[in-house]
Amino acid sequence: SHTHTHTLSLSLFSHRAPLSMSISSLSQPSSFVCTCVGVGASAIISSILFWRSRWSRFDLFPVGTHRIEGIHKEGNVSQTAIMCGYIRAIGHTMGVVSDPIVSLLLPVTVRLQQYTAMPRFVMSGVVDPTGCYGWIVSRTRRIDSHVIRALEDKSAVSLVILGAGFDTRAYRLEIRAEVKVFELDSAATQLAKRKLLASANVNTSHVNFIPINCNKENFLDKLEAKGFDLSKPSVILMEGLLPYMEEKAVRETLTAVRNRCSAGTTLIVTMENSVSPDERDSVFGAAVLYNTITIGGEPITFGLPLGQEKRYVQDLGFKVLSHSTARDLEVDYFLTRGDLQTRVFGAGNVMALRVP
């Protein structure tokens, strides 16, 4: 099977400290002072690292020269890919999601932040006004389960990750040796990822890397040219991709899967609900998150009206195997663990579909 396990040796701060300060420590003045100093130092270092990376636009890749300006800009690495990777790394250190590899793909300043207390404190929902942390880690968990279940079907011969970004499933999930794995993404993001994987000694020999512009090129044509078998069932993943595509491109992409892929093919997608400016205050996280990503140069360009998600994909000919709303994810991955603080971005949806 294609697995590669890494042990992260970097440990600037324990992920349990200083947030797990006990009541007994407060009764000892010296312990209390030390704890306060620890909290303050962690916050200062975390803030310096965060704002340093913000000022430099994350232009601190260990391998080099790619500036991270936005997913739509030719020749640049996706800033969204970096941020999603950062959030998964935080989720991993907190034990919410299992992704020991993603940290190795992050710029140095961003990589260090996951080991300080303040970013995790903010991201974990304590003061997160966007629900972005909850959305990323919960959808990762849900999609992992969908991919594993779909690949248990021995008839599935391929795993396709479209808009792969810094997705690590090809390197951390148990995948049958006979399954062909394909990753497709913009040339710049893919090149940076491959260099980072190589520098971390992660085995990528089983992965077929294909550069693509998802708004302009047909991904199935590119897959066929690399040996993808349309006549056999496959598992196709589109995580965090469709919201950044144009509506016409989304419809054409999904229609191509329905019409050209074999019956039994599983398609796993994330979709977001369209939220008008007047509605953003009523959808958790929408007002802040949409403003942030728009300013960052990666605006949401496709969304579905609330309650129309199933109808949209059914009209395209898919069978809906599973549909998880933001509330479903919040309940399953946080509330059931006793976490009453972490919220999930309210417009998010994860769907598992089947080509009939």
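## Contacts across the chain

Take the contacts between residues at least 6 apart in sequence: in this protein, 75% of them join residues at least 24 apart. Keep in mind that you're looking at a predicted model. Its secondary structure comes to 13 helices and 7 strands.

How much of the protein is buried? Buried residues make up 52% of its 356 residues.

## One face of a helix

Now find helix α13, which covers residues 326-333. Four of its residues, A326, L329, E330 and Y333, are buried. Looking down the axis of α13, you'd see these buried residues fall within an arc of 100°, so they line one face of the helix. There's a simple pattern to keep in mind here: an α-helix has 3.6 residues a turn, so residues three or four places apart point the same way.

What do the buried residues of α13 pack against? They pack against helix α6 (132-151) and the strands β6 (319-325) and β7 (348-354).

## R139, an arginine on the inside

Helix α6 is also where you'll find R139. Is R139 buried or exposed? With a relative accessible area of 7%, R139 is buried.

Leaving out residues up to four places away in sequence, R139 touches C84, R169, E239, G240, T270, L329 and V350.

## Aromatic pairs

The structure holds 2 aromatic pairs. F182 and F228 form an edge-to-face pair, with 5.8 Å from centre to centre and 85° between the planes. This pair links distant parts of the chain: F182 sits in strand β2 (residues 180-185), while F228 is in the loop between α9 (219-225) and β4 (235-238), 46 residues apart. Both F182 and F228 are buried.

F302 and Y312 make up a tilted pair, again with 5.8 Å centre to centre, but with 50° between the planes. F302 belongs to the loop between α11 (286-295) and α12 (309-315), and Y312 to helix α12, 10 residues apart. F302 is buried, and so is Y312.

R343 lies over the face of F284, at 4.1 Å from the ring centre.

How many disulfides does the structure have? A search of the whole structure finds 0. Take C132 as an example: the closest cysteine sulfur to its own is in C84, 6.4 Å away, and that's too far for a bond. C132 is buried, with a relative accessible area of 18%. C261 is buried as well, at 7%.

Then there's C214, in the loop between β3 (207-211) and α9. At 17% relative accessibility, C214 counts as buried because the cut-off is under 20%. Which residues does C214 touch, not counting those up to four places away in sequence? They are L162, L241, M245 and A249. For a sense of the spacing around here, the C-alpha atoms of C214 and L242 are separated by 9.5 Å, while the two residues are 28 residues apart along the chain.

Definitions and conventions: Residues numbered from 1 in each chain as written. Predicted model: local features only at pLDDT ≥ 70, side-chain atom pairs only at ≥ 80, totals over all residues. Heavy atoms only, no water. Phe/Tyr/Trp six-rings, centres within 6.5 Å; stacked < 30°, edge-to-face > 60°. Helix = DSSP H or I, 4+ residues; strand = E, 2+ residues; numbered from the N terminus. Buried < 20%, exposed > 50% of the residue type's maximum accessible area, 1.4 Å probe, protein only. Lys NZ or Arg CZ within 6 Å of the ring centre and 35° of its normal. Disulfide = S-S within 2.5 Å. Contact = heavy atoms within 4.5 Å. Arc of directions from axis to C-beta.
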